[in-house]
Amino acid sequence: MTDTPDMPLRAAILPVTPLQQNCTILWCTKTMDGVVIDPGGDVENILRGVKETGITPAGIWLTHGHFDHAAGAAELKEALDVPITGPHIDDRFLLDELATSGEQYGVPGRAVTPDTWLDEGDTVTVGKVSFAVRHCPGHSPGHVVMLNEAIKFGHVGDVLFQGSIGRTDFPYGDHDALIAAIKEKLLPLPDDFTFICGHGPASNIGNERVNNPFLK
């Protein structure tokens, strides 16, 4: 379990699916309202995590439509009776394919339609903490990130990793668009802006600015 800066939030990261995707339970420490970000699978484990944190589930947020991030969303929505928010509507085709896209990895899924699509400039809120939504295509057309500049914390899905960036070798991938999104929307953030990503350890903008070989 990881404490985020200044303690208005806490986060629990649950690796799910054979791809070890960072499903994140994020909650406001003042209200104990929480959201589940990117429930790609292993829904029973996610539900156990929700129970152990003691939060009041308030929603599911999707950064993008890949199966390892979204294949469990429909099942989790039914179990928790909460709305699904995100990603951008340009990832609709990926969410429509969830029943089959994870088959080669043994990840079951169901097509899902969010209750709310997200776009550049939108805001999402958990408890008393709000995040600005930024549309960052490239890894997928409809990928979004959630950023809170006041507490210098965000969730960036598969846009940026510690020492790497999201894959763009899909037919719909766009390397130039991904690099542009990172440089325009993430790198202007302060060096001590910490982020959780879709796979692997958390990092901060300063570390990636200096050490990430894809951003040289």
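Colleague: With which residues is leucine 62 in contact, leaving aside its neighbours within four places in sequence?

Modeller: Contact means heavy atoms within 4.5 Å. Leucine 62 is then in contact with Asp38, Pro39, His69, Ala70, Ala73, Ile84, Thr85, Gly86, Pro87, Leu95, Val144 and Met146, its neighbours within four places in sequence being left aside. Please note that this is a predicted model, in which local features need pLDDT of at least 70 and side-chain atom pairs count only at pLDDT 80 or more, whereas totals for chains, interfaces and linings use all residues. Residues are numbered from 1 along each chain as its sequence is written, and side-chain values use heavy atoms, with hydrogens and water left out.

Colleague: Which residues touch the most other members of the largest nonpolar core?

Modeller: In soluble globular proteins, nonpolar side chains tend to be buried together. A nonpolar core is a set of buried Ala, Val, Leu, Ile, Met, Phe, Trp, Tyr and Cys residues joined through side-chain atoms within 4.5 Å. Buried means under 20% relative accessible area, exposed over 50%, and partly exposed in between, with a 1.4 Å probe and protein chains only. Here the largest core has 25 residues, and Ile25, Val36, Ile46, Leu62, Leu76 and Val112 touch the most other members.

Colleague: Which helices and strands each supply at least two residues of this core?

Modeller: Helices (H or I, at least four residues) and strands (E, at least two) are DSSP runs, numbered from the N terminus. At least two core residues come from each of β2 (9-16), β3 (21-28), α1 (43-53), α2 (67-70) and α3 (73-80). Helix α3 gives the largest share, four residues. Another core, of 20 residues, lies apart from this one and includes Cys136, Leu160, Ile179 and Cys197.

Colleague: Is alanine 79 buried or partly exposed?

Modeller: Alanine 79 belongs to helix α3 and is partly exposed, its relative accessible area being 47%. Its C-alpha atom is separated by 8.2 Å from that of leucine 47, 32 residues apart along the chain.

Colleague: Where is proline 15 found?

Modeller: Proline 15 is in strand β2 and, at 44% relative accessibility, counts as partly exposed. Leaving aside neighbours within four places in sequence, proline 15 is in contact with Gln20, Gln21 and Asp42. Proline 15 and histidine 199 are 184 residues apart in sequence, yet 8.2 Å apart in space, C-alpha to C-alpha.

Colleague: Which backbone values deserve attention?

Modeller: Most residues other than glycine have a negative phi, and most peptide bonds are trans. Threonine 17, in the loop between β2 and β3, has a positive phi near 65 degrees; this residue is buried, with a relative accessible area of 6%. Glutamine 20 lies in the loop between β2 and β3 and has a positive phi near 50 degrees, but is partly exposed at 45% relative accessibility. The peptide bond from glycine 86 to proline 87 is cis, with omega near 5 degrees. Proline 87 is in the loop between β6 (84-85) and α4 (92-96).

Colleague: How many helices and strands are there in the chain?

Modeller: The chain has seven helices and 14 strands. Of its 216 residues, 51% count as buried. Along its principal axes, the C-alpha trace spans about 45 × 40 × 30 Å.
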